[in-house]
Amino acid sequence: MAAENPVQSLQEEATCPVCLEYFTEPVILECGHNFCRACIRQCWEGSDTGASCPQCRETVLQRNLRPNRQLANMVKIAKRLSLQAAKGRGADGVCEEHLEALKLFCEEDQTPICVICRDSRAHRTHTVVPIQEAAQEYKERIQAQLKTLRDEREKLLRLKVTGEGKSQEYLKQTQTERQKIVSEFQQLRKFLKEQKRLLLAQLEKLDEEIVRIQNENVSKLSKQISHLSKLISELEGKCQKPASEFLQDVRSTLRRCKKRKLQQPEEISPELEERVSGFSHKTIALLEALRKFKDTLPSALERKRGEPLGANRQVNVTLDPDTAHPQLVLSEDRKRVRRRDTRQQLPNKPERFDTWGCVLGCEGFTSGRHCWEVEVGDGRYWAVGVARESVRRKRQISLSPEGGIWAVGRWWGQFWALTSPETPLPLSRVPSRMRVCLDCDRGQVTFIDAGDEAPIFTFPPGSVPGGRIRPWFWVGLGSQLSLYP
């Protein structure tokens, strides 16, 4: 006779004699037999008098049902031993409720089940497939996702390497420009220093000559003034004397007065005057040139500040009347657009927007870097950016990258980036002029406040796909847009 299996014996002891399943909330009767609480109550259901044990038929009192906690703990141990035994047999998984191998997969609940679970009320109406088949199907899905993720990672790695390479290239360019600027300003500083020294030396010589002439004239005039003062004093004293004394040597006195010769002071020579005047004109011209240089340099730097590195070309954008919504009015030079309340009678061309108040620029770009500026003023409803040549024109369109539009705008008192969904832009000031910078090679669009050069928003590299890209504008009621240059 084969030896009794202790695990099997434990399972039998942990099984309710009524439901033949593991005990659930086991209770013990006065006779010592154990049952599930729900099972014994079901057996006694409808009995108003005494009850009996379903196993030994001994009469017991219903109120004397007591929980058997030791048996409940033994049931837990029996379940764990059963699971371990099943795993020891090499099964992939075992149903904790029925101790059967998990051979099926429930699609609705997304969980492995056993064959008994399939017929239960919980899974009876669900779609059930073999677990290996489900695993293979989901493995293929995961593999597809893995391929996509790896491709995206590879793309990002390439972008990273390309970006780092371009950054290093740009850094070399900026270093070269830095060296040029330092060298040029050093030479300029040396030149200005030498010019300053020469000009001051010439001024010093002019000062010395002017001071010499002034000192010589002062000395001559001082001597003549002293001589005349003595003569005047002598004549005034002679006039006070009596007539007999006054007339003595009067003719000699008059001759001395007539013989005096006034020495004129040395005048500044025409040559010296011309030198001073010429030097003054030269100084004025030099200072004026320096002022112009000083005023021009910050303007040139301000135009460059905030622009991306590389050959960023300022383009002259004009509006395409064939694409303008019937409520949009374009200026004669096609540089301004405003919105009116009523529609104009215009041909319904395929390229014309008929629902949103949009218009495209005439220019299209497929490569290179380009920028243009748009005066938005204090308009409350507007958006500016770029769009694909093939952007939808009729009926409802999606103002987002998915719809072929990359833009920023303002409505309801808030600034937005036309992402999907829209991204609010917490700007510190209301921009009156926007600069749109399109990099076709990198697939990137950047928006800058042309007033203070502050960046507003950037659609990152790779956002704008290849193909022909055109400037795009949306104008709401009460708004007007103007293009520069």
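**View 1. Buried residues and surface of the predicted model.** Of the 485 residues in the protein, 29% are buried (under 20% relative accessible area with a 1.4 Å probe, protein chains only; exposed means over 50%, and partly exposed lies in between). The protein exposes about 32,300 Å², and carbon and sulfur atoms supply 52% of that area; accessible areas come from the Shrake-Rupley method with a 1.4 Å probe, and for residues only the protein chains shown count as cover. This is a predicted model, in which local features need pLDDT of at least 70, side-chain atom pairs count only at pLDDT 80 or more, and totals for chains, interfaces and linings use all residues. Residues are numbered from 1 along each chain as its sequence is written, and side-chain values use heavy atoms, with hydrogens and water left out.

View 2. Mean pLDDT (the predictor's confidence in each residue, from 0 to 100) is 84 for the protein, with 86% of residues at 70 or more. Confidence is highest in strand β12 (residues 358–360), at a mean of 98, and lowest in helix α8 (residues 270–304), at 61. Over residues 298–310 pLDDT stays under 50, and the model has 14 contacts beyond four places in sequence for this stretch (a contact means heavy atoms within 4.5 Å). In total you will find 8 helices and 22 strands, which are DSSP runs numbered from the N terminus (helices: H or I, at least four residues; strands: E, at least two).

**View 3. An open sheet of 3 strands.** The strand order is β7-β6-β8, with antiparallel pairing; two strands pair if DSSP finds at least two bridges between them. β7 (111–113) and β8 (128–130) are the edge strands, each with a single partner strand, so one side of each has no neighbour in the sheet. From one strand to the next, the twist averages 40°. Look for the 3 bridges joining strand β6 (residues 104–106) to β8, where Phe105 has Val129 of β8 as its bridge partner. Helix α5 (residues 131–239) packs on this sheet and touches β6, β7 and β8, its direction making about 90° with that of β8 (axes are lines fitted to C-alpha atoms, for helices over the stretch in contact, and angles run from 0 to 180 degrees between N-to-C directions).

**View 4. The β19–β20 hairpin.** Strands β19 (residues 444–449) and β20 (residues 455–459) are antiparallel and share 4 bridges. Thr446 sits opposite Thr458 in β20. Between the two strands of the hairpin lie 5 residues, and Glu453 in the turn has a positive phi of about 65°.
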